[in-house]
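Here's a quick briefing for anyone opening this structure for the first time.

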Amino acid sequence: DIRSVQPPLEQESDACLCNKRAVERHFILSCLVQSLCVCIKKEVEILPFSCVQAFSIPNQHTKKMASDDEFEDVPEYVPVSNDEALWADLQPIAQENGEKPLVVIDYAPEFVKCHNLFRAILHKKELSERALKLTDECIRHNSADYTAWYYRRLCLQALGSDLQEELEYTTRWGEESPKNYQVWYHRRWLVTQIKPTDPSHELLFVANILRDDAKNYSAWSHRRFILDVYRIAPSPSLSDTNAHTHVSPAAHAATHTHEEY
C-alpha cells in the first residue's frame, strides 16, 4: 500500500503559506503580461471602456449573424437625435456632475447627445411622437434605463399608440435581454392595458424564453402573472408543466416555487 511508505503530512507554517501565495500571484501576473504581449504583437486594438459599450444592446434589425446577405435590404438604424431640424426648438440639458467631480464617466458622444435631449424633454414634460422615439434611442443605449421605459409608457398613453405593436417591441427586447426587469415590467403593463382575450400568445412567449434558460426567474414570474390574470389553475404535476411550457425538468423546482407563492 503506497500510503504505508508516505510520511505523515505536516502542517504548513504561516511563512510557507505566504510564500506559496506570493508565487501564485507572480504566476498569474506573468500569464497576464504574456497575454498582453501576444495582443500587442498581433496588433489587436484595445478599445477604451465607455458606458455605451458596457450597457448597449445590439440592434436586432441591423446586427449581422450567420449571413450578411440576409440583412442587405434592412435599412441601417439612424438615431433620432441626429435629426437637428427635429430638435431645433429644444435646448439640450447637460448632466450635472457638481463643482468638483471626482470621477467623470467617459460617455460616448452619441450617448451624451441623446441624453441631453432626453433631459430637456423631461424638463418640459413633453409627451410627443419625437419624445417616444427618443425613449427608444435611450433604451438602445441602456436597455435597463428605468426612466426611459417609464416615460415611454407615459408617451404611449398620451398619444394613444398601438399597444399591440408595442407588445412586439418588447418581444424583440425580451429575446435580446431575457433577464431585463424593465422589459418584463413593461410587458406586464401592456398586458394589463390590452387585456387580450387569449393568453396563449403570452404563454408561448414565456415558453420560448424558458427554452433557452429554464431558470429565468423573470419569465416564471410573468407566467405566474398570466395564470393569475386569466385564472388558470397551475399545472399540478411535472408532466403537465412540461407539456404547457416545453421546458426541461430542470425548471420543476422553479415551477413549484411560483405555484406556492
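Start with Arg 224: its relative accessibility is 17%, so it counts as buried, the cut-off being under 20%. Keep in mind that you're looking at a predicted model.

- Arg 224 has a salt-bridge partner in Asp 228, with 3.3 Å between the closest N and O atoms.
- Both residues sit in helix α9, which covers residues 217–229. They are 4 residues apart, or about one turn of the helix.
- Asp 228 is partly exposed, at 44% relative accessibility.

- In general, side chains of opposite charge can pair when their charged atoms come close.
- Asp 89 and Arg 130 form one of these bridges, and their closest N and O atoms are 2.9 Å apart.
- That bridge ties together distant parts of the chain, 41 residues apart: Asp 89 is in the loop between α2 (51–55) and α3, while Arg 130 belongs to helix α4 (residues 129–141).
- Is each partner buried or exposed? Asp 89 is exposed, with a relative accessible area of 56%, whereas Arg 130 counts as buried at 12%.
- Arg 130 also meets Glu 126 in a salt bridge, at 2.7 Å from N to O. Here both partners are buried.
- Across the whole structure, a search turns up 8 salt bridges.

**Helix α3**
- Helix α3 runs over residues 109–124, which makes 16 residues.
- From first C-alpha to last, α3 reaches 23 Å, close to the 22 Å expected at 1.5 Å a residue.
- Which residues of α3 are buried? They are Phe 111, Cys 114, His 115, Asn 116, Leu 117, Phe 118, Ala 120 and Ile 121.
- Just past the end of α3, Lys 125 takes a positive phi of about 55 degrees.

- How many disulfides does the structure hold? The count is 0.
- Cys 114 has the sulfur of Cys 138 as its nearest cysteine sulfur, 3.5 Å away, yet Cys 114 is in no disulfide. The reason is the cut-off: a disulfide needs the two sulfur atoms within 2.5 Å.
- Cys 138 is in no disulfide either, its nearest cysteine sulfur being that of Cys 114.
- Cys 114 is buried at 0% relative accessibility, and Cys 138 is buried with a relative accessible area of 0%.

Conventions. Residues numbered from 1 in each chain as written. Predicted model: local features only at pLDDT ≥ 70, side-chain atom pairs only at ≥ 80, totals over all residues. Heavy atoms only, no water. Helix = DSSP H or I, 4+ residues; strand = E, 2+ residues; numbered from the N terminus. Expected span 1.5 Å × (residues − 1). Buried < 20%, exposed > 50% of the residue type's maximum accessible area, 1.4 Å probe, protein only. Salt bridge = Lys/Arg side-chain N within 4 Å of Asp/Glu carboxyl O.
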